[in-house]
Amino acid sequence: MMLAGLAIAAPGARAQNPAPEPHAVTDVIVQPGDLLRIKFWPEQQYSGDYQVETSGIVAIPLLGELNVSGKALSEVRNEVRDHYRALTTNGVAIVSLQFRVSVLGQVARPGLYPVDATQSVFDALSQAGGPTNSADLSHIRLLRNDHVVVLNAEQAIATGAPTLGILLESDDRIVVPARKFTWFTWQNALTALQTVGLIVALVRTHP
């Protein structure tokens, strides 16, 4: 499914690339700092969140150390299940990925937010309290690796396009810029003329 309402920006050395396509949740790449949330059955006491170390290794009780950094979540999931099944009879392992993304700029609560691979840009903005009144909704930026994708939320609202439905990936950054105000508009000019006219009228009536 193509995403409408997207434009590409390439400030500085950032490369121009096509906007990311919506991916399957299992296609997310595991990176250092991410958390693998694993639920084991029947050995539920080993269930928990296990952080991927800077070396790319994750240490999981019962299974030992696994090198997971740079692998797709689907591959890591199969690896964990294969190791667990080799140790148990009819054992089940459910693996999901938790990571943090940053939401910056004109949002109510800028900061780092925990998300999973099923959540989208819209979900991250919602966690941050949504855009402020000063936000430029037509130029929301998604920074991913060396790519910058400009998301036009105003167009999405008007057309129903799934612009903000891009699924998040580890280390994504979302920046909501402030609107650039144009001080000289016809409305401002008219207001100024009306103000000047009022002042002139007051001066004439009160010499």
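Here are some notes on the side-chain packing and charge pairs in this predicted model.

1. Ground rules. Local features need pLDDT of at least 70 and side-chain atom pairs count only at pLDDT 80 or more, while totals for chains, interfaces and linings use all residues. Numbering runs from 1 along each chain as its sequence is written, and side-chain values use heavy atoms, with hydrogens and water left out.

2. The core. The largest nonpolar core holds 41 residues; such a core is a set of buried Ala, Val, Leu, Ile, Met, Phe, Trp, Tyr and Cys residues joined through side-chain atoms within 4.5 Å. Buried means under 20% relative accessible area, exposed over 50%, and partly exposed in between (1.4 Å probe, protein chains only). Ile60, Val80, Val121, Leu125 and Ile174 have the most contacts inside this core. Strand S6 (residues 92-105) gives the largest share, 6 residues; strands (E, at least two residues) and helices (H or I, at least four) are DSSP runs, numbered from the N terminus.

3. Leucine 125 up close. Leaving aside residues up to four places away in sequence, leucine 125 touches Val103, Val107, Gly130, Ile140, Leu164, Ile174 and Val176, where contact means heavy atoms within 4.5 Å.

4. One aromatic pair. The count is 1, with rings of Phe, Tyr and Trp (its six-membered ring) pairing if their centres lie within 6.5 Å; planes under 30 degrees apart are stacked, over 60 edge-to-face and the rest tilted. Phenylalanine 40 and tyrosine 84 have ring centres 4.7 Å apart and planes at 50°, so the pair is tilted. Phenylalanine 40 sits in strand S2 (residues 35-41) and tyrosine 84 in helix H1 (residues 73-87), 44 residues apart. Phenylalanine 40 is buried at 3% relative accessible area, and tyrosine 84 is buried at 0%.

5. Salt bridges. There are 4, each a side-chain nitrogen of Lys or Arg within 4 Å of a carboxyl oxygen of Asp or Glu. Aspartate 49 pairs with arginine 37, closest N and O atoms 2.8 Å apart; this links strand S3 (residues 48-51) to strand S2. Aspartate 49 is partly exposed at 37%, as is arginine 37 at 34%.

6. Arginine 144 lies in strand S8 (residues 140-144), and aspartate 172 in the loop between helix H3 (153-159) and strand S10 (173-176). Shared partners join Arg144, Glu169 and Asp172 into one salt-bridge network.
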